[in-house]
Amino acid sequence: MRRLRALWLVVELSWRAAPASVMVVILFLLAESGAVAAFALAVRHVADRPSTPGVLFAAAAAGLAKAVSWAGFRLRKNLQFDISERVGVELEDRTLALIAGVPGLHHLEDQSYLDKVELVRTQSKEVASAVWAVADTARFVVSLVLSLVLLTTVDPSLLVLAVTVVPSILLPRWSRRRIRRAELTSARSARRHRHLFEACTGAEAGEIRVFRAGAWLRGEAATAWREETEIRARALVVDAIATAAGWAVLVGGFLLALLAVAALVRAGQASVGDLVLVITLITQLRSQVGGTLTGLTNAARGLAATDRFLWLRDYAAAQPLDTTAAPTVLTSGIELRGVGFSYGDRRSVLKGIDLVLPAGKVIALVGANGAGKTTLVKLLCGFYRPTEGEILVDGGPMPDLRSWHTGIAGVFQDHHRFELLVREAVGIGDLPRIDDPAAIGAAVDRGAATEVIATLPNGLHTQLGRTFGGMDLSGGQWQRISLARGRMRTKPLLHVLDEPAAALDAVTEHELIRRHAEIAGHGNAITVLVTHRLSTVRLADHVVVLDGGHIVEQGTHDDLLALDGQYARRYGEQENTYR
Ligand SMILES: Nc1ncnc2c1ncn2[C@@H]1O[C@H](COP(=O)(O)OP(=O)(O)OP(=O)(O)O)[C@@H](O)[C@H]1O
């Protein structure tokens, strides 16, 4: 059933891509299916009745049959290639939409999801050509059946040849299943190998040189590559042995058949034409069986790849769809009740978080590295669902993620370096206004990126990044672009600033947050600020101190200084250092 669904998908995609070409290919496939039988019949006629007038007709028929198989084959293959290319483009687009469309990020923690997506991504060519692999198999099967029927007209016992064909089909099918299992088992090593390879050869390899870690990383990459290839190689060796055994049985059958027909001719029970027909069919039988096997291999691989694409589609469709729309303006705010979270490795990253984020306020999250600040931000953004407790928005459940996300603006700790034109890299923060120069200019101003853009050769129209020969920026400059992007949405419900200025100096960060704090509460938006610079934190209305996934202190900056606890101690240390 799954294979049928996979087949239907590729048929539908190909038909939509180029219906006329598909029709031409089908006509050629039908003609090619009968060409072998037609040629064999024609040569038997010529051999048995060389002096009759029909000989010319038979020779013309034989020539036409060969022309269809040779010239038609080339034309058909070109058309198939063109259709597959179009289907490939469509599939790539659909795959990207599915991967990006799964709400939240929880699935990206699941190793088996990542392994399967890796295969979906790398096997789009197999999916695109799956339909032709199936059609080719069908063509060879029809052609094979016609040949066997003709053989029975000489002697029914020649059908035994069909039995000798069976091991050559079944053995490779069994070994192909082993190859597919090996592909899944080795996908993880393949990803590790690629990651290490890119780490050693990428633009950021300077860090690796400084640490002199290149040799070690190469060794790890080689181990991952060995693991990957050993698993696949073992399966390929078994496949080669199984295929060879199947062919040995087939060749034995051919020899016996030839001896049997020669004996019939000697006994006068078959004509010379029959012998010529049997030899013609037997030589074709060999390529028909080979073609069937190759077709089965390609069809199985293509349909398995298509099946994985369908799995991704089902997976995306099965994600729970929340229908609660996000409010346009927050009234009371966000509340976390007994929230706990682990990333899937059972280690609690957040525990028993009870926290109220009132509408219109700036809340700062502080704590040591690994305390859980970014994780808390990710839960507020709905990237992950709490494993315990609940998050309420204006007293109700967390809204539908697609709707919630349109109400979030800000800067994330792992901000992306979009290698686009500057105006696109900024404008992507509010897609409906990506072509609005006034909106982009205002965001650039609010994100303190005006000076960066003034230094670029084409201002907002400068291409960013080395990949396309554009301008590369410093870490701080990239951060300012991301700050500007985070300012594109002017009426967010939640403003996230997760270490928004880690690459900028402390004074610039302070000035940025000060300017933000002045307007932050407009429209009742909540700002969540994560920073290690406690001089900036004092600009927040409420400070939450996290330690080991727990809230250990919370209150205003002055409350926490008066408490003389962890926050006051760290604040004092930082003040002394600056002094
Ligand atoms: N994707 C992830 N999968 C598994 N564990 C994770 C993941 N991201 C973070 N963690 C773990 O969760 C804990 C909290 O990380 P988090 O990034 O929330 O800390 P943080 O307080 O923001 O730290 P920092 O100040 O260094 O940014 C850490 O122990 C970290 O190892």
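Visitor: Why is D564 called exposed?
Guide: This is a predicted model, and the label rests on a count. D564 has 10 C-beta neighbours inside 10 Å. A residue is exposed if that count is 12 or fewer. So D564 counts as exposed.

Visitor: Where does D564 lie, and what is its phi?
Guide: D564 lies in the loop between α18 (557–563) and α19 (566–578). Its phi is positive, about 60°, although D564 is not a glycine. Most residues other than glycine have a negative phi.

Visitor: What makes D394 partly exposed?
Guide: D394 has 17 C-beta neighbours inside 10 Å. Exposed means 12 or fewer, and buried means 20 or more. The count falls in between, so D394 counts as partly exposed. D394 lies in the loop between β4 (388–393) and β5 (396–397). D394 has a positive phi of about 50° and is not a glycine.

Visitor: How do you know whether L75 is buried or exposed?
Guide: Count again. L75 has 12 other C-beta atoms within 10 Å. The limit for exposed is 12 or fewer, so L75 is exposed. L75 sits in helix α3 (residues 54–101). The C-alpha atoms of L75 and V24 are separated by 9.6 Å, and these residues are 51 apart along the chain.

Visitor: How much of the protein counts as buried?
Guide: Of its 579 residues, 36% count as buried. The secondary structure comes to 19 helices and 10 strands.

Visitor: Why are the buried residues of α13 said to be on the same side?
Guide: In helix α13 (residues 437–446), the buried residues are A439, I440, A443 and V444. They cover an arc of only 135° around the axis, which puts them on the same side of α13. P437 and A438, on the other side of α13, are exposed.

Visitor: What covers the buried residues of α13?
Guide: The cover includes α12 (422–427), α14 (450–454) and α15 (475–486). After α13 comes A448, with a positive phi near 55°.

Visitor: What makes a set of residues a nonpolar core here, and how many residues has the largest?
Guide: The members must be buried, of nonpolar kinds such as Ala, Val, Leu and Ile, and joined through C-beta atoms within 7 Å. The largest such core has 67 residues. Those with the most contacts inside it are I363, A364, L365, V426, V528 and V543. Strand β3 (residues 362–366) gives this core its largest share, 5 residues. At least three residues come from each of domain 2 (326–407 + 493–579) and domain 3 (414–491).

Visitor: Which residues does A364 touch?
Guide: Leaving out residues up to four places away in sequence, A364 touches L529, T531, V537, A540, V543 and V544. There is also a second, separate core of 59 residues, which includes L161, A190, V278 and L296.

Visitor: What surrounds the ligand?
Guide: 12 residues do, and the closest are Y343, N369, K373, T374 and T375. Helix α10 (residues 373–380) gives the most to this shell, with 3 residues.

Visitor: How do the residues of the shell divide?
Guide: There are 3 nonpolar, 7 polar and 2 charged residues in the shell around the ligand.

Methods:
Residues are numbered from 1 along each chain as its sequence is written. This is a predicted model: local features need pLDDT of at least 70, side-chain atom pairs count only at pLDDT 80 or more; totals for chains, interfaces and linings use all residues. A residue is near a molecule or strand if its C-beta atom, placed from the backbone, lies within 6 Å of it. Helices (H or I, at least four residues) and strands (E, at least two) are DSSP runs, numbered from the N terminus. Ala, Val, Leu, Ile, Met, Phe, Trp, Tyr, Cys and Pro count as nonpolar, Asp, Glu, Lys and Arg as charged, and the others, Gly among them, as polar. Domain bounds come from an automatic or database domain assignment. Two residues are in contact if their C-beta atoms, placed from the backbone, lie within 7 Å. The arc is that of the directions from the helix axis to the C-beta atoms.
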